[in-house]
Amino acid sequence: MRFRMIASDFAIDLGTSNILVYKKGEGLIAEEPSYLLLDDNNSKVLAIGNEAKAMLGKTHDNVRPIVNGNITDINLTEALLNYFFKKVNSGFSILQPRVVICVPSGITDIQKRAVEDAALHAGSRDVILVDESLAAAYGMDLNPDQPRGVFMLNLGAGVVEATVLSLNGVIINKSLNKGGDYIDEEIIEYFRKNLGLEIGKNTAEEVKNKLVSLRLKDKNLAMKVDGRDLASAMPKTVEVTSKSLIECIMPFANELCEMIYEVLEKTPPEISSDIRKNGIFLTGGLSLLKGMSEYITETIGLPVSISEDPLRDAIKGAGLILDDPDRFVKYRK
């Protein structure tokens, strides 16, 4: 067993869909789905991360201990964290690591305590909880510690959040407990209802990424999808187009824009001028959905910007906080 005096500090983005880990001095070292596979008695973890997701729909039930960015099972979350802690620091250390963890803006005190407890039990000496939108703003080089308003729209798998930041604080925040997973479920239901085809979550996610679009010019995009015929129970292949799947995304897109309007209505006038000038900044995996930024711009009337790597904005910002904790520790959640 490897022994060290001091364990390496690291940061972790504890997402509904994926967990990303940043190790101090090395950068991003792990990015895996936040899935666990349990045995028949739900008493033993058989697989975690990529291995567990690869088995989705093919064996025992997979579990997501983090839903909408919040812990639903502290024991399973501890097991998940243990897995990633060992990736960073294998073996034994006398001084355990400090850990920076990204959490949603709308997290409650009880939920914060659950995250802290899971991380402490997994082996950290100090836990710094950082607002995920704030971390993403740092990851996008937006300098949210300045006296100006920054409108962040974080589009994740389990939750979307509209957050206005200024001077490292959250001025306004509103959450919608829907995200990429919700659209996956809508796609699954569309295939069942309209095409008589049963498809799995991994297939629905592939359809979302390749075909679902809010752009009119993409309406004729098409792909073949394999599944199980509901009538005959036999394997079946159907072809679908982007146009036919618009009903899976349009209600969500409109609800998202309504949330943005509500946040803008509550934003102080002094900050509204900054937002009018700089627009809305998109982060999170769902911001990559075809036509999303253009639809928000057309509906809201404000410019929309997306970073080069929206999936990793938060972990990049958390890494900056980890590298300079004396500067950022006062902004912990």
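Is E32 buried or exposed? E32 counts as buried, because its relative accessibility is 7%. Buried means under 20% relative accessible area, exposed means over 50%, and partly exposed lies in between (1.4 Å probe, protein chains only).

This is a predicted model, in which local features need pLDDT of at least 70, side-chain atom pairs count only at pLDDT 80 or more, and totals for chains, interfaces and linings use all residues. Residues are numbered from 1 along each chain as its sequence is written, and side-chain values use heavy atoms, with hydrogens and water left out.

**Salt bridges**

- Side chains of opposite charge can pair when their charged atoms come close.
- A salt bridge here is a side-chain nitrogen of Lys or Arg within 4 Å of a carboxyl oxygen of Asp or Glu.
- The whole structure holds 19 salt bridges.
- Helices (H or I, at least four residues) and strands (E, at least two) are DSSP runs, numbered from the N terminus.
- K87 is partly exposed, at 41% relative accessibility.
- D9 and R125 also pair through their side chains, at 3.4 Å from N to O.
- D9 is in the loop between β1 and β2 (10-14), and R125 is in the loop between α3 (109-122) and β12 (126-131), so their bridge ties together parts that are 116 residues apart in sequence.
- D9 is buried, with a relative accessible area of 14%, whereas R125 is partly exposed, with 39%.
- K174 bridges to E262, and their closest N and O atoms are 3.3 Å apart.
- K174 belongs to strand β15 (residues 169-176) and E262 to helix α7, so this bridge ties together parts that are 88 residues apart in sequence.
- Both partners are partly exposed: K174 has 29% relative accessibility, and E262 has a relative accessible area of 32%.
- A network of salt bridges links D181, D184, K201 and K208.

**Helix α7 and its partners**

- Helix α5 (residues 180-195) packs with helix α7 (residues 246-266) at an angle of about 140 degrees, and their axes are 9 Å apart.
- Axes are lines fitted to C-alpha atoms, for helices over the stretch in contact; angles run from 0 to 180 degrees between N-to-C directions.
- The α5 and α7 crossing is right-handed.
- A crossing is right-handed if the near helix is turned clockwise from the far one by less than a right angle, and left-handed if anticlockwise.
- From α5, Y182, I183, E186, I187, Y190 and N194 take part in the meeting. From α7, the residues are E247, C248, I249 and F252.
- I260 also lies in helix α7, and it counts as buried at 0% relative accessibility.
- I260 is in contact (heavy atoms within 4.5 Å) with F151, L153, I280, I296 and I300, leaving aside neighbours within four places in sequence.
- I260 and E161 are 99 residues apart in sequence, and their C-alpha atoms are 9.2 Å apart in space.

**Other helix residues**

- E132 lies in helix α4 (residues 132-139) and is buried at 16% relative accessibility.
- Not counting residues up to four places away in sequence, E132 touches D13, C102, V103, P104, N154 and A314.
- K86 is in helix α2 and is exposed, with a relative accessible area of 58%.

**A nonpolar surface patch**

- M5, I6, I94 and L95 form a nonpolar patch on the surface, with about 400 Å² of accessible area together.
- Patches are made of residues with over 30% relative accessible area and no salt bridge; like charges are joined within 9 Å, and nonpolar side chains (Val, Leu, Ile, Met, Phe, Trp, Tyr) within 5 Å.
- Accessible areas come from the Shrake-Rupley method with a 1.4 Å probe, and for residues only the protein chains shown count as cover.
- Strands β1 (3-6) and β10 (92-95) each supply at least two residues of the patch.
- I94, in strand β10, counts as exposed at 52% relative accessibility.

**Positive phi in loops**

- Most residues other than glycine have a negative phi.
- L167 is not a glycine, yet its phi is positive, at about 50 degrees.
- L167 is in the loop between β14 (160-166) and β15, and it is exposed, with a relative accessible area of 53%.
- A233, also not a glycine, has a positive phi near 65 degrees.
- A233 lies in the loop between β17 (222-229) and β18 (235-241) and counts as partly exposed at 46% relative accessibility.
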